Amino acid sequence: AGVSGTWDSSLDTSVNSFIRIKAIKTGDKPRRNDPEGGFSFMRTACMHCVDPDCQSVCPTSALQKDPVTGIVTWDIDACCGCRYCQMACPFEIPKFEYDEPFPRVRKCFLCSHRVAKGGIPGCAEFCPTGATLFGKFDRLLKEAKKRIALKEGDSYEYPVHTLDSGDRTPKKVAKYLNYVYGEKDGGGTQLLILSAIPFTKLGLPKLPDHSSASKSEGLQHTIYKGMYAPIALLIGLMFAAHRSVKKEESGEEEGHE
Ligand code: SF4
Ligand code: SF4
Ligand code: SF4
């Protein structure tokens with residue numbers, strides 16, 4: 001519901017708020033990341049799916065996945081306002097401006113304007129702890145698995161903003177679930193999430209390893225070729241991954257941080 005008159009007070013993403021950090025309570029214990037009665041933080045925003053269901057159902061191609069960056073964008077001139085994208089998104093991300101005379105579909109666009117100029121998304125730039133990192137998907141996946149493999153209680157210099165920024169936050173390694181959400185879920189997402197508590201408790205849906213789009217359109221993506229299953233794991237850090245795109249035919253890799 002939110003507080004009336006305050007534009008960014010919504011409890012979930014909204015037409016004005018493309019990202020929400022939610023405090024998830026599983027009980028009354030003042031312990032972070034305790035799945036039986038503690039609390040955790042969860043970042044909610046567009047996952048920039050590999051085969052986006054929103055794009056698949058869009059009858060006018062207003063939603064597009066950039067072939068180089070993988071960013072899922074929306075074109076105001078092409079949109080007819082049918083809202084099929086809202087119904088199709090497994091993460092309930094697209095929001096519609098019901099109150100506007102010329103309503104728009106609103107969601108995170110992975111700061112494509114900043115990325116186009118060689119920058120990084122605002123959420124990654126301003127995150128002081130490295131909980132949100134931006135970079136190529138393959139490198140971030142490697143970093144996620146590296147953290148998962150670290151020993152609980154050891155010290156680790158967590159990178160901040162990007163892997164190559166030079167900024168580091170030293171912290172004790174905590175316990176994480178042995179799973180990187182987004183590596184395969186729903187056919188894969190460009191946002192990768194690590195968590196200490198079950199992902200369903202964070203509000204993330206349990207999805208098959210393929211997208212609805214891949215079934216309905218017969219799409220074949222080679223992005224997971226040669227990848228192996230996650231090995232070990234850690235805590236609730238989140239990675240805003242700018243997935244590198246592999247040319248399906250040549251196998252050549254593109255993309256940039
Ligand atoms: S999370 Fe939803 S809105 Fe974002 S790309 Fe995936 S299907 Fe589309
Ligand atoms: S509301 Fe617009 S963007 Fe969404 S499915 Fe319909 S035409 Fe496409
Ligand atoms: S990538 Fe940009 S638009 Fe998306 S949540 Fe981060 S700051 Fe907001």
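Author: What follows is a chat about the terms used for this structure.

Author: This is a predicted model, where local features need pLDDT of at least 70, side-chain atom pairs count only at pLDDT 80 or more, and totals for chains, interfaces and linings use all residues. Residues are numbered from 1 along each chain as its sequence is written, chains are lettered from A and ligands numbered from 1 in the order in which they are written, and side-chain values use heavy atoms, with hydrogens and water left out.

Reader: How many helices and strands does the protein chain have?

Author: The protein chain has six helices and 13 strands. Both are DSSP runs numbered from the N terminus: helices are H or I with at least four residues, strands are E with at least two.

Reader: Why is Phe-109 called partly exposed?

Author: Buried means under 20% relative accessible area, exposed over 50%, and partly exposed in between (1.4 Å probe, protein chains only). Phe-109 has 30% relative accessibility, so it counts as partly exposed.

Reader: What makes Phe-18 and Phe-109 an edge-to-face pair?

Author: Rings of Phe, Tyr and Trp (its six-membered ring) pair if their centres lie within 6.5 Å; planes under 30 degrees apart are stacked, over 60 edge-to-face, and the rest tilted. Phe-18 and Phe-109 are 6.0 Å apart centre to centre, with 80° between the planes, and that makes them edge-to-face. Phe-18 lies in the segment before strand E1 (20-25) and Phe-109 in the loop between strand E6 (105-106) and helix H3 (112-116), so this pair ties together parts 91 residues apart in sequence.

Reader: Why is the pair of Phe-39 and Phe-41 called edge-to-face?

Author: Their ring centres are 5.8 Å apart and their planes at 75°, so Phe-39 and Phe-41 are edge-to-face too. Phe-39, at 25% relative accessible area, is partly exposed, and so is Phe-41, at 36%. The whole structure has seven aromatic pairs, and Phe-91, Tyr-179, Tyr-181 and Phe-199 form one aromatic cluster.

Reader: How do you know that the charged end of Arg-83 sits over the ring of Phe-96?

Author: The rule asks for NZ of Lys or CZ of Arg within 6 Å of the ring centre and within 35 degrees of the ring normal. The charged end of Arg-83 is 5.4 Å from the centre of the Phe-96 ring and sits over it. Lys-171 lies over the face of Tyr-158, at 5.1 Å from the ring centre.

Reader: Which residues come nearest to ligand 2?

Author: Ligand 2 has 14 residues around it, and Cys-58, Cys-79, Cys-82, Arg-83 and Cys-85 come nearest. A residue is near a molecule if one of its heavy atoms lies within 4 Å of it.

Reader: What surrounds ligand 3?

Author: Phe-18, Ile-19, Cys-108, Leu-110, Cys-111, Pro-121, Gly-122 and Cys-123 do. By class, that shell has seven nonpolar, one polar and no charged residues. Ala, Val, Leu, Ile, Met, Phe, Trp, Tyr, Cys and Pro count as nonpolar, Asp, Glu, Lys and Arg as charged, and the others, Gly among them, as polar.

Reader: Is His-161 buried or exposed?

Author: At a relative accessible area of 17%, His-161 is buried. His-161 lies in the loop between strand E8 (155-159) and strand E9 (168-172), and has a positive phi of about 75° although it is not a glycine. Glu-92 has a positive phi as well, near 55°, but Glu-92 is exposed at 60%. Most residues other than glycine have a negative phi.
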